[in-house]
Amino acid sequence: MKEKLQKIEEILKNIRVSKKEWITIGTIIVLFIGAIVGFFTGKYFSEERAKKEREELTIKYTKNEKKLEEKLWEMKIKSPKKRPWYLTLVNDTNPMQEGYVPQLETIVGDYQVDSRIAEPLRQMLADAKKDGMNLAICSAYRSVEKQKELYNLYMGNEVRSGKSYWNALEDTVKSTAYPGKSEHNLGLAVDIVSAKYTDLDEKQKDTPEAKWLSKNCYKYGFILRYPIDKTSVTGIIYEPWHYRYVGKEDAKKIMERGITLEEYLGE
């Protein structure tokens, strides 16, 4: 037994570590732990740096994308030849293309519009009805020939009222566009009134239907084409019943800014 204890003691003596060796082992352990901590710390900061770089690139990309969109938008609306069909400007100084006739689709009764705006118009009328509004279309697409008849009729009425030719002409064009210069000839305009009040005068704006349209029309791509106090810009008197399709995106911008189509297009 004594011999066994002596052997064990000799073995323990042989595996004893000197102070210097302990320092070496401790240093290795510290370095090992430091390496592990450094690895994970480096990984964390590397990920944070990568995250920050991604955020900076995203911001930069978003800004560049916005600038590009604005540039494309300016190109789209500033050049009449590059404008999409729904931003076609027709007024006293911008006549429509001679001989142009849109592909038509009937909305209700005999009223027709450009087939491309039929669905959003139907949706607007349907949603208004759901909200308790009683709308009535009183004018939509008109051929150039029909526009001539109306223009001559209104012009004749002004002359017969005792006005001079030039005064009659001045008053006529404020409410009835010359043939080929009316949005109704494009098939993109609709006159909508309250079924309970069908007179085409400023009182129309006080009807619940006119208020609903003024508030919601942009959601369907329409704008109030001839706003109040904008006659000097549009050349047409305030018409709270005349709505024009310009597409949802552009309608929202125009209505939010309270401007006319002419101002929006920079003309």
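Buried stands for under 20% relative accessible area, exposed for over 50%, and partly exposed for anything in between, with a 1.4 Å probe and protein chains only.

| Residue | Relative accessible area | Class |
|---|---|---|
| Cys138 | 29% | partly exposed |
| Cys217 | 0% | buried |
| Asn185 | 1% | buried |

Keep in mind that this is a predicted model, where local features need pLDDT of at least 70, side-chain atom pairs count only at pLDDT 80 or more, and totals for chains, interfaces and linings use all residues. Residues are numbered from 1 along each chain as its sequence is written, and side-chain values use heavy atoms, with hydrogens and water left out.

As for the cysteines, a search of the whole structure turns up zero disulfides, a disulfide being a pair of cysteine sulfur atoms within 2.5 Å.

Now to Asn185. This residue sits in the loop between α5 (165-173) and β4 (189-194); helices (H or I, at least four residues) and strands (E, at least two) are DSSP runs, numbered from the N terminus. A polar atom of the Asn185 side chain is 3.0 Å from the backbone nitrogen of Gly180. Setting aside neighbours within four places in sequence, Asn185 has contacts (heavy atoms within 4.5 Å) that include Met96, Pro102, Tyr141, Arg142 and Pro179.

How values were computed: Polar contact = N/O pair within 3.5 Å; in protein donor to acceptor, adjacent residues only side chain to side chain.
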